[in-house]
Amino acid sequence: MTTLLSTDDVSLSFKDKRVLDHLSFEVERGECFGFLGPSGAGKTTTIKLLTRQLVKDTGRITLFGRPIEHATNADYERIGILSDTSALYERMSIEENLRFYAKIRGVTGNNIPTLLERMNLADDRKTLIKNCSKGMRQRAALMAALVHGPELLFLDEPTSGLDPAARAEVHKMLRELNDAGTTVFLTTHDMAEAEALCARVGILDNGSLVACDAPIQLMLRYA
């Protein structure tokens, strides 16, 4: 297996508060890796470090086999991100947002009809984002992260706010993407979601990685 992403002894503080504490893990190419922990554990902060929205205090982060400080624009074109800062334009429709993101990414957007069908939004494609429910917005943001066919996908609680049917559809799509070779880094606070999607799960508590193993092994170990 090839390591696509890794942290080695990474720490980060905001003023006097230690947010991440000597964090070390690896994500292999083609893996769905889960990052599990309660709100405030440091999951979103970790994604922001891994995508260079924040800069670590100490330690080493590698992305696509090189130090993250040397990551190129071409490297970031290989990444998709769904996070709490994912932006959709309120006065544009779902489809217009996707076409816009396809243009930014330099792709044709030929996959947009398929994405809309898969997310059960084909009939709502002309709906303005400002008129969308939270669940519709979340699914639209996920499609925006997928429109360029990324190799590595960062998902920060992607099923937050979704009803059970939409949640199941997102899970199905993520399994298919992962089976097709997309590497997925998924944060969640739901062990059932991690068990359903992830080959391995790291458990984060107060900025420290307290365990990392296959979901079934973690459940057997910690009941």
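Student: Which residues line the second largest pocket?

Tutor: This is a predicted model, and in it the lining is made up of Thr44, Leu82, Ser83, Asp84, Ser86, Lys134, Arg137, Gln138, Ala141, Asp156, Glu157 and Ser160. The volume of that pocket is about 250 Å³.

Student: What makes a residue such as Thr44 count as lining?

Tutor: The rule asks for an atom within 4 Å of a point of the pocket. Thr44 is listed for the second largest pocket, so it has such an atom.

Student: How do the lining residues of that pocket divide by class?

Tutor: You get 2 nonpolar, 5 polar and 5 charged residues. Asp, Glu, Lys and Arg count as charged, so Asp84, Lys134, Arg137, Asp156 and Glu157 go in that group.

Student: Which element gives the most to this lining?

Tutor: That's α5, with 4 residues.

Student: What about the largest pocket: how much space lies in it, and which residues lie nearest its centre?

Tutor: About 390 Å³. It's lined by 18 residues, and Gly80, Ile81, Ser86, Tyr101 and Arg105 lie nearest the centre. By class, the lining has 10 nonpolar, 6 polar and 2 charged residues. As for elements, β6 (79–82), α3 (94–105) and α5 (134–146) each supply at least two residues.

Student: Why are α5 and α6 called roughly parallel?

Tutor: Look at the angle: α5 packs with helix α6 (residues 164–179) at about 10 degrees, and their axes are 12 Å apart. Angles under 35 degrees count as roughly parallel, so α5 is roughly parallel to α6.

Student: Which residues meet there?

Tutor: From α5 come Arg139, Leu142 and Leu146, and from α6 come Ala166, Val170, Met173 and Leu177. This contact has 6 nonpolar residues, no polar ones and 1 charged.

Student: What makes β2 and β5 edge strands?

Tutor: The open sheet has 4 strands in the order β2-β1-β4-β5, with antiparallel pairing. β2 (17–28) and β5 (66–67) each pair on one side only.

Student: Which helix packs on this sheet?

Tutor: Helix α1 (residues 43–50), which touches β1, β2 and β4 (58–63). The direction of α1 makes about 65 degrees with that of β2.

Conventions:
Residues numbered from 1 in each chain as written. Predicted model: local features only at pLDDT ≥ 70, side-chain atom pairs only at ≥ 80, totals over all residues. Heavy atoms only, no water. Pairing = 2+ DSSP bridges. Contact = heavy atoms within 4.5 Å. Axes fitted to C-alpha atoms, helices over the stretch in contact; angles between N-to-C directions. 1 Å grid on protein atoms, 1.4 Å probe; cavity = no way out; pocket = protein on both sides within 12 Å on 5 of 7 lines; lining within 4 Å. Points joined across faces, edges and corners; volume = space filled by probe spheres on them. Parallel < 35°, antiparallel > 145°, perpendicular 65-115°, else oblique.
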